[in-house]
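Reader: I'm new to this one. Can you put it up and take me through it?

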Amino acid sequence: MYYGEIKKCDIANGEGVRVSLFVSGCRHHCPGCFNQATWDFSYGKEFTRETEKQILEFLEPDYIDGLTLLGGEPFEPENQEVLTELLRKVKKLYPEKKVWCYSGYLFDKELLNPSRARCGYTDEMLSRIDVLVDGRFVEALKDIRLVFRGSANQRIIDVKQSLETGEIRLWTPKIRRGISPETEK
């Protein structure tokens with residue numbers, strides 16, 4: 001797997017201060033994508049054990065609330081094995097830190113059911129993610145007032161609650177700003 005960037009102190013891609021990993025490779029090719037360079041599976045640098053070690057060190061400080069996976073597309077099958085291994089270590093070392101993930105794949109239709117995204121790692125990867133922002137970016141639905149998402153079709157899903165109940169449960173922000181999911185109803 002390759003990655004384009006690691007941000008040590010990101011406040012744009014999930015609640016709180018986060019470490020964000022922008023993986024490479026995406027087949028969605030959404031018009032208006034903010035990160036088209038990461039569509040290429042070979043973009044950036046190779047993800048190595050040293051990269052993993054660096055991310056785990058970046059997560060150590062108390063002021064870091066968690067890890068965000070985005071890209072590119074974390075749920076492309078080519079990326080899932082490496083990311084699942086990383087998430088195993090993150091959850092073992094920092095069980096209190098929340099993992100966010102951004103995916104163009106839909107949680108209920110493509111990640112939980114047969115699709116091009118599903119592989120032998122999908123269920124375990126989902127089980128280690130706390131919050132999933134799902135759905136492709138749709139330029140016609142772009143709204144810069146949205147909280148932690150680019151277009152109004154995207155959902156912010158509480159993965160743990162959704163897996164436990166078998167129903168989509170939206171994430172509730174601790175701090176309200178802009179347009180949150182519950183104000184759009």
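Predicted model: local features only at pLDDT ≥ 70, side-chain atom pairs only at ≥ 80, totals over all residues.

Reader: OK. Is Phe 148 buried or exposed?

Author: Phe 148 is at 9% relative accessibility, so it counts as buried. Phe 148 sits in the loop between β6 (131-134) and β7 (155-158).

Reader: What about phi of Phe 148?

Author: Phi there is near 60°, a positive value in a residue other than glycine. His 29 also has a positive phi, of about 50°, and is not a glycine.

Reader: Where does His 29 lie?

Author: In the loop between β2 and β3 (45-46). His 29 has a relative accessible area of 42%, so it is partly exposed.

Reader: Which residues does the cis peptide bond join?

Author: Gly 71 and Gly 72, with omega about 25°. Gly 72 belongs to the loop between β4 and α2.

Reader: Switching to helices. How do α1 and α2 cross?

Author: The axes of α1 (residues 49-58) and α2 (residues 77-93) cross at roughly 30° and come within 11 Å. Angles under 35 degrees count as roughly parallel, so α1 is roughly parallel to α2. The crossing is right-handed.

Reader: Which residues make the contact?

Author: From α1, Arg 49, Glu 52, Ile 55 and Leu 56; from α2, Glu 85, Leu 86, Lys 89, Val 90 and Leu 93. By class, five residues of the contact are nonpolar, four are charged and none is polar.

Reader: And the largest nonpolar core, how many residues has it?

Author: It has 32 residues. Those with the most contacts inside it are Leu 21, Ile 55, Leu 67, Leu 69, Phe 75 and Leu 86. Elements that each supply at least two residues of this core include β1 (2-10), β2 (18-23), α1 and β4 (66-71). The largest share, four residues, comes from α2.

Reader: What does Leu 69 touch?

Author: Leaving out residues up to four places away in sequence, Leu 69 touches Leu 21, Pro 74, Leu 83, Leu 86, Leu 87, Trp 100, Cys 101, Tyr 102 and Met 125.

Reader: Last one. Where is Trp 171?

Author: In the segment after α5 (159-165). Trp 171 counts as buried, because its relative accessibility is 7%. Trp 171 and Lys 160 are eleven residues apart in sequence, and their C-alpha atoms are 10.0 Å apart in space.

Notes
Residues numbered from 1 in each chain as written. Heavy atoms only, no water. Axes fitted to C-alpha atoms, helices over the stretch in contact; angles between N-to-C directions. Parallel < 35°, antiparallel > 145°, perpendicular 65-115°, else oblique. Left-handed = near helix turned anticlockwise from the far one by under 90°. Contact = heavy atoms within 4.5 Å. Nonpolar A, V, L, I, M, F, W, Y, C, P; charged D, E, K, R; others polar. Core = buried A, V, L, I, M, F, W, Y, C linked by side-chain atoms within 4.5 Å. Buried < 20%, exposed > 50% of the residue type's maximum accessible area, 1.4 Å probe, protein only.
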